[in-house]
Structure formats: C-alpha cells, structure tokens
Amino acid sequence: MNTGWLWFWEVVIVGCMLWYTLATVYIAIRGAADIRGMLARLREDYESDNPG
Amino acid sequence: MNNFTWIDGGIVGVYLLVTMIAGIMVRKYVGKVETFLIAGREMKLYLGIASLAATEFGIVTCMYTAENGFKYGFAGATPGILFALAYFFVGWTGFCIKPMREAGIVTLPELFENRFGTRIRRLSGVVIILSGLLNMGIFLRMGGDFLIAVTGMPEAGYRLEITMTLLLLAVCTYTILGGMLSVLVTDFLQFVVMSVGLLAVTAVVVHHAGWSNMVQAVDHHYGAGGFNPFANPDMGWSFVLFNSFVVTACVLTLQPVIQRVLAAKDVKTARQVFTRTSVFFVCRFVIPGLWGIAALSSLGGATEGVDTIKAMPNYLGIIVPTGLMGLLVAAMLAADMSTDSSYMLAYGSVIYNDILAPFRRKGISERRGLLWNRLIVASLGVFFLFYGLWYPLKGPVWTYLTVTATICFSSMAALLIACCYWRRANDWGAIGSIVLGAVIPITYLVMEQVPATQEMAAWIGPNWSGIATFVLSGLAMVIGSLLKPTHAVTRMAPAGPEGEI
C-alpha cells in the first residue's frame, strides 16, 4: 500500500466532509434569502407587465 | 432483508409533496420565454451554488461514482479532483464564461452565430442535442434501478417501468409549468435534502464498514492501483488525460451548467458560483465512492460475477436503518429530480432557440413561445422514458457517459475557445471540428455494439478514442480556419475588438 496516496485521500475525504457539512448549513440560509429576493423582483416585473 | 418501511415511505411522500407544491407555486411568475428558460437572469450566488450542485448530482452520478469506488477504489474519485480544478480555474479566470455571460445569449449555439454564422448555430444545436439525448437517455433507468435495489422491490413485473414513469411525471409537471424558475426553487430544496441525506448515510456507511476494513479491501483487490490512478491498469495516464479534457469541456459547454452562468445576475456572480461550488465536485465523487468501497469490503474476497453498478444500492438496502432509509430515498429522489428537470429544460432551450428557430414565425407571442417550450420539455420526457428502457448499456456507466458526451464536448469546446479568443476562427474550422468531434466517438460506440469490431474497440479503448477526438477536433478548427481565404473571414467576423465577442 502506498501510504503517501492513502494520506492524500484521507485529507481529501475529511476536508470534503467538513466543507460539505458547513456549506450545506450556510447555503441553506443564504439560498433561502436569494429565493425570496428573486421572487420579489419577478413579482414586481410581473405586476408592471400586467397592471391591475 | 430490506429496511424500507411505511415510515420511510411517509418521509419520501412528504418530501415529494413539498417539492411539487414549491415547484408549481412559482409558475405564476412565468409570463415570458426568458423567465421560463433562464429565470429572467435573476439568479444570485447562493441559489446558484445550490442549483449547480443539485443539477450535477443525480442518481446516475451516485451510481457511476459508486461503481468507480467499487471498481477502482479511492483512485476512482480522480475525476472529482479534475472537476474541482476545472471549475475553480474557469471561475477564477472567467475563461470563456465571462464573454459568454456578457454576450446576453440564452444558449451556446446563439453565441456561435455571431462568429460562425447561422448554419453553424443550427449544426451546433443538433450536435448538442444528439450528445445530450444519448447521455441523458440512461438517467431514468439508473434512477429506477437504484430505487428498486435500495427499497428491495422485487424486479418482476413492470416495477422498473412504473417507477421510471412516476419519477418522470413528477419532474415533468413542475418543469413544464414553471421552467427554470421552478427548477431553481426545487433545486434549492433538493440540495438541502440531498446534502443532509448524503452526509448522514456516509456516516452510517463508514461506521458500519469500518475505515480500516475499507482501506484493506481496496488494498486487497487493487493494490497500489486502488489509491494511485496512474498505477491502476484500468486507468493510467490515458484515463487522467482523457478525463481532464472531458471535465474541462463539460464545465465550459454542458448546456445545463452554462444555463446557470446565463441565468446569473451578472458576470461576477457567475464566476463566484463556479469557484465556490468547485469543492462540491470532489464530494460528488468521494461520497458515493466511499459507499462503493464499503460495498466492496462487505463482499470480502468474492467479487466474481457481482453486478458492479448495483453493488452499492444492494449494500445500502441492507445496512441503512428504517427512518434513515426514507431520508436516503428522499435524498436520491431529490438528486435525480433536480438533474432530470435541469437537463430537460436545458436541452429543450437549445431545440427551441437554435434548431426550431428557422421554422418559427417572426414575432411569435410570448404565450405561444411558452407553449412551444412546454411541449418540447414534455416530448423530451417521453423520449427519455423509451430510450432508458430500450438501450442495452454495456461497460461502466462513467465510460458510456464520457464517450457520448465527447460527441459534443470536443467540438463545442474548440468552437467556444476559438469564438472567444481567436479572431481568425471561422465557419470552415467550425464545420471540420464539429464533424470530426462527432464522427470519432459515434464510430467507437457503433464498433462497441457490432460483434465483428468489438475486439478492435476494446483494443483502442474509450480513453484513446476520446483523446483522439479532442485533439483532432481542435486541429480541425485551426486548420479549417487557416484554409479559408482571409477576405472571406473578414466579411464573416463581428465588429467587436480583438479577443472579445
């Protein structure tokens, strides 16, 4: 077994799991705000195109 | 014995209900074709990251990356590293995506029309659709196979067909109604569900299999080649080189990916979506790869005759406990639905925008345009259903996907780079690139299926066939462009400054 490559994959796997866990929480919060903003802007466009 | 119970069914049902409601609710904002296809270019950074990640992780991704883990060990995650590097590089430098986003286009062939003319726009559209349909054709079947294996449904009867049809109906309903807007909103929900499921199941898998057992299993079956891709007899330099070409071209030209660039609010957002999602592409290969390695370790020394593509779902069906099984199935459904909806919409946009353009009346109303787009998405859904049932997949799924994708990637990447950065590029080079880029991989696929040429196809191998396609397609662009008389090129070229669209 090549310990250098095993060490490489261990670092990659641990790094990925940590990044993915933190990113999921952060993106879940910020992404929800993005959706609200996007829908608000599209609602304004829709209402200006279809008055009344 | 399988652990899928009514509790898990309830979790999956709630997830499906919430997704469908969210996807259908936003349809009222879709009044224009531009909103249907690219969400009115209102996508911001974090929604873009969630959407790109969810789109590029489907059940088919999970199946082939797990198969890579099962067949090649840790080295099977090498394409994930290459993907991450490509996304980071393109996002960081803005290579091609900056001029692409600034051009204000809806599809890639539309960009090509500026430099290469209308004929190349149509031809590019056809090549993108041909490659995309062949590529996506197996998605539904992989999804059905996974769900049947993991839930322990008996394969007798028409369960695969029924599962695939129900999956497709759910996806088509919100995609047809809400287009890109529904896709973005459901992608976000699907990203959250998918990520929680992937992380939780990975923790259970590693705990169940044991890290040292997994490492020993890879060492026992594949030796150094299970860790080092260059030492693996089934991979080696040709695999790494071919995959480097494929992933870079995928990042630059895959329509579902660049649709996120084009839907982004501005160039800066598009670039940040790429750089900040890059690490996810390592996770995309590493996480299911670990599941595949755990399945390998559970079999001990006996892997002879094992169906490598189903080894992972069969293993998960046994070890994942009730409750978490529901989360796993919901996560995989989330992954699959986000991929299927995005791909149908992306390829539908090319059919509408580039292939059907000459047949459309001038000044078509927004309402009629929306109707056309919805009909196209529905037709694509029907095609995927029948193709998935009919095509007899041979060899590893990742190999099939890379070979079919090469039909489009090699020439589209050459056209895009030349279009953005080489003023001398013209339609002669573009035609040569498209023809060579399609003929070589299609010939290879046919050779694989015909008994008389199967041996030769195996001798050439998918990696060298793919490398030849990229190199020759790029050369055709250069040589063809240089062969065209300069006065004709001057007439064709747009008025923009050097290096710009």
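The exercises below concern a predicted model.

**Exercise 1.** Determine how the axes of helix α3 and helix α14 of chain B are placed relative to each other, and which residues make the contact.

*Solution.* 
Step 1. Helix α3 of chain B covers residues 45-55, and helix α14 of chain B covers residues 267-277.
Step 2. The two axes come within 9 Å and cross at roughly 50°.
Step 3. On the side of α3(B), the contact is made by L45(B), G48(B), I49(B), L52(B) and A53(B). α14(B) contributes T269(B), Q272(B), V273(B), R276(B) and T277(B).
Step 4. By type, the residues of this contact are 5 nonpolar, 4 polar and 1 charged.

**Exercise 2.** Identify the buried residues of α14(B) and state what covers them.

*Solution.* 
Step 1. The buried residues in α14(B) are T269(B), A270(B), R271(B), V273(B), F274(B), R276(B) and T277(B).
Step 2. Their cover includes α3, α5, α6, α13 (255-263) and α15 of chain B.

**Exercise 3.** Describe the backbone and the surroundings of C96(B): is this residue buried or exposed?

*Solution.* 
Step 1. C96(B) is found in the loop between α5 (78-93) and α6 (97-102) of chain B.
Step 2. Most residues other than glycine have a negative phi.
Step 3. C96(B) is not a glycine, yet has a positive phi of about 70°.
Step 4. A residue is buried if 20 or more other C-beta atoms lie within 10 Å of its own. C96(B) has 21 C-beta neighbours inside 10 Å and therefore counts as buried.

**Exercise 4.** Characterise the side of chain B that touches chain A.

*Solution.* 
Step 1. In chain B, 29 residues are in contact with 27 residues of chain A.
Step 2. At least two residues of this side of chain B come from each of α3, α10 (159-209), α11 (211-222) and α15 (280-298).
Step 3. The most is given by α10(B), with 7 residues.
Step 4. This side of chain B divides into 21 nonpolar, 5 polar and 3 charged residues.

**Exercise 5.** Which residues touch the most other members of the largest nonpolar core?

*Solution.* 
Step 1. The largest nonpolar core has 190 residues.
Step 2. M63(B), M180(B), L328(B) and A331(B) touch the most other members.
Step 3. Leaving aside residues up to four places away in sequence, L328(B) touches V150(B), G197(B), V201(B), L316(B) and V320(B).

Terms used. Residues are numbered from 1 along each chain as its sequence is written. Chains are lettered from A and ligands numbered from 1 in the order in which they are written. This is a predicted model: local features need pLDDT of at least 70, side-chain atom pairs count only at pLDDT 80 or more; totals for chains, interfaces and linings use all residues. Axes are lines fitted to C-alpha atoms, for helices over the stretch in contact, and angles run from 0 to 180 degrees between N-to-C directions. Helices (H or I, at least four residues) and strands (E, at least two) are DSSP runs, numbered from the N terminus. Two residues are in contact if their C-beta atoms, placed from the backbone, lie within 7 Å. Ala, Val, Leu, Ile, Met, Phe, Trp, Tyr, Cys and Pro count as nonpolar, Asp, Glu, Lys and Arg as charged, and the others, Gly among them, as polar. A residue is buried if 20 or more other C-beta atoms lie within 10 Å of its own, exposed if 12 or fewer, and partly exposed in between; C-beta atoms are placed from the backbone. A nonpolar core is a set of buried Ala, Val, Leu, Ile, Met, Phe, Trp, Tyr and Cys residues joined through C-beta atoms within 7 Å.
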